[in-house]
Amino acid sequence: MSNAMYNKIWHQTQEDLNSMLDKESQKMLEPQSNRVFFFQMLATFYINYVQIFRNLENVYDQIVHPQKRILIRKVLDGVMGRILELKNEMVQLELTEYHYFDDILQDLKLAPKRSVKAIPFEEAVKIIQMSERARQGRLRALFMKQIYLQEYRTKQARLLGEKMADLGAAALRIQKVWRGFHQSKRIKKEREEEMIFLGMNPPPQFNQLSATVLRAEKVNCLRNEVQFKHEESYREAMVTIKDDLKTVEGPDIKESLQDQIRQWFIECRNLTGTFPDFPNAEEGGSAVIFSNKTPQQVIADIMASQDNEEKKKKNKKKKARKARKEKEKKATKDKSKEEDEEWKMSPSLFLDEMEKGNNLYKDLWKNKDESWNFPQEYDPELIREEKRKELESEIRVQVDELMRQELKNLKIAVNREKELPNKPRKKKEGKKKNAEKKGKKGKKGKKNKDLTADRTIESLYKELVEEGLLIQSLKVSLSDYIGEYSYLGTSLRQVSIEPMPSLLDVRQLVTLYGVLPLGSASVHKKAPLVKSLLLAGPSGVGKKMLVHAICTETGANLFNLSASNIAGKYPGKSGLQMMLHVVFKLAQQLQPSVVWIGDTEKTFYKKVPNAEKKLEPKRLKKQFPKILKLMKPDDRILIVGTTQRPFDAELQSFCKAYQKIILIPRPDYASRYVLWKEIIQRNEGVITDALNVSCLAKVTDGFTQGHIVQVVTSVLTDRRVRQQTHKPLTAVEFTAALTAMEPVYQEEENSFKDWYAKTPLGKKRALALTGGDPEKDKDKKKGKKEKKKK
């Protein structure tokens, strides 16, 4: 696809974003009384933003123009942040981490797996033709089979009544059998070719890398090189163009600024009788006065501000009286609000960012003629405009210093005023000094000292690697976490059945809470903050794999603070303090970072088993709240815990430690079907008609991804892979290997469900389903506690 094509996609996506921003501005102010309608509105916005995100992500990856990519990245960060905000609102509304959009996707005519793509008319006709030919082929085959059987029966009846006459008749029969076998083999081959031609079966070597795929990979590498070169030349141009402007336009800018400020001096003197006070550098200097204003407008503002100061003093007393009355009114309004509950879109921190990006697009790129810029290099005129503003602000600082002195000289020469010290400024300076002193005292009083101030980051890094606390993450992408969507979630909820989440629902949550915030610093600052994440589920469902996938996708460093890994390392209280200090100092310095605590229930044991008492598994328990408090919104650090026995931990401290809890179930039928096919093919297995994958998926109910991987690797040895040409794979081979493995029984899955129902979000969800109000329930509990205290 050419660069012009991706520019078209970008323009179309920006139009979609513009329409979404218009819808958001309308709906932000409209409160909704219907909870279901409000959720559908949020979900529709969420789906539309996900589509925009995917298109922008694709465009950002493909376009080579450096200035366009900067703007696209800004808008992309805004869209990512808005997706996280909408997700947070949906969680608060539905009181569950998992949401199902199958009914909304049906209404929007979207496939759940991918963004909507318009099919050309010719392609649509071709698809219909293929399916129609296949239907006719099946009917023809059935008809021919019936004729063949009828002819066969008549031949058999005739042959039974006759006797063999001679050897010639015997030879003829052998020839018939051979010709029939040969013909059936040829027909079978032709049928397979026809099915491939119709698109009903994949061609041979379909899963192998073709020449076109290799060529596409080469093009990707070349495109990345072009992007890098264009960005480098853009950075160089930013410096050279500014230097050229400084030498050519610098003196003219300086003269025009001086003339503008002098005119302001004279006109203020003529109107007010005195020269004006020049703003300090801290206040912004002359830029505050001449922000897109003429000297006449500036003087009018000065006169108006004098009048406003007097009015403000009079209005202060009136406002104080109004505030008292409003407080009294609020008390009565709160009661009525409780009775008539309404839902409203909460304010967004990313809409302004998206609107700014959208306006920049409209002003600069929407109707821009780029016929001259075929290679899509930087636009020098845009750089000149940007650097001209920077240069003007730098020169203004120098001009302001000169004009302050000139103003003093004018006051002395014209008005014969003596330079008197400015008392208010001295007071301010005194206040600043006092504030600085207080600040210094406050800093001295703080206990957060750098315990390793005398050591380099390299030495600390080396120490943690040697101790095994900083480990190398496995190269696993999030797309390797295979599964299928839950297509009946909404339908089940309508019948009051809470569906178990599917594997791709889990992957989606890990993307939202782990990958997107860690991958973008601007998104992490403003998005709803998630400091800690818990992955809970039975053994083999891919918890550790998801931890490594987060690190691979974001390029994060992986720190291992599992109870078994820190046992015997950095002993004592001082050692523990030093270990945590070094880990989190490095995690902050080398952002993004993931701190992994495997088997995290051991850190929060109800009762430590006798066999593990020597290992001190609960070392981190008391430090955990302190760590979470020290983590700031700017720190792209995520604490991820994994557990297969969450019921062994103290529930309250466990749930306080982990902000988000993701329950990972055993795979359902759809996910198992996809898993079997994908894992067999990845291990060089060939799926034929002899292998009933549907049967395998049905039989392996309760078995996890780990079980399926173990079975496939044990069956598909090098020898078995070579034998596939004359001995295709069958389901029996895999089921035989499963007999030695223990599945996840329904009782174990129910125990996970019961445990999750006791978590804060699980309790709220259960109350909401039974018709209760979680907030009222909280108030009742608080009242009971107060009574007990009394």
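How many Å² does the accessible surface of the protein chain come to, and what share belongs to carbon and sulfur atoms? I read off about 50300 Å², with 54% belonging to carbon and sulfur atoms. The areas come from the Shrake-Rupley method with a 1.4 Å probe, and for residues only the protein chains shown count as cover.

**Ground rules.** I am working on a predicted model, where local features need pLDDT of at least 70, side-chain atom pairs count only at pLDDT 80 or more, and totals for chains, interfaces and linings use all residues. I number residues from 1 along each chain as its sequence is written, and side-chain values use heavy atoms, with hydrogens and water left out.

**Whole chain.** I looked up the secondary structure and found 30 helices and six strands. These are DSSP runs numbered from the N terminus (helices: H or I, at least four residues; strands: E, at least two). Of the 790 residues, 37% count as buried. Buried means under 20% relative accessible area, exposed over 50%, partly exposed in between (1.4 Å probe, protein chains only). I then took contacts between residues at least 6 apart in sequence; 82% of them join residues at least 24 apart. A contact means heavy atoms within 4.5 Å.

**Positive patch.** I found Lys155, Arg158, Arg173 and Lys176 gathered in a surface patch of positive charge. Patch residues have over 30% relative accessible area and no salt bridge; like charges are joined within 9 Å, nonpolar side chains (Val, Leu, Ile, Met, Phe, Trp, Tyr) within 5 Å. A salt bridge is a side-chain nitrogen of Lys or Arg within 4 Å of a carboxyl oxygen of Asp or Glu. Lys and Arg count as positive, Asp and Glu as negative; His and the chain ends are not counted. I place each charge at NZ of Lys, CZ of Arg, CG of Asp or CD of Glu.

Helix H5 (121-161) and helix H6 (167-198) each supply at least two of the patch residues. Lys155 sits in helix H5. Lys155 counts as partly exposed because its relative accessibility is 48%.

**Glu194.** I stayed on helix H6, which holds Glu194. At 36% relative accessibility, Glu194 is partly exposed. Glu194 and Gly137 are 57 residues apart in sequence, yet 9.9 Å apart C-alpha to C-alpha.

**Nonpolar patch.** I noted about 450 Å² of nonpolar surface made by Tyr487, Leu488, Leu492, Val495 and Ile497. Leu488 lies in the loop between strand E1 (470-471) and helix H15 (489-494). Its relative accessible area is 55%, so Leu488 is exposed.

**Lys585.** Is Lys585 buried or exposed? I find Lys585 buried, because its relative accessibility is 13%. Lys585 belongs to helix H20 (residues 572-589). Leaving out residues up to four places away in sequence, Lys585 touches Asp450, Thr452, Ile457 and Leu460.
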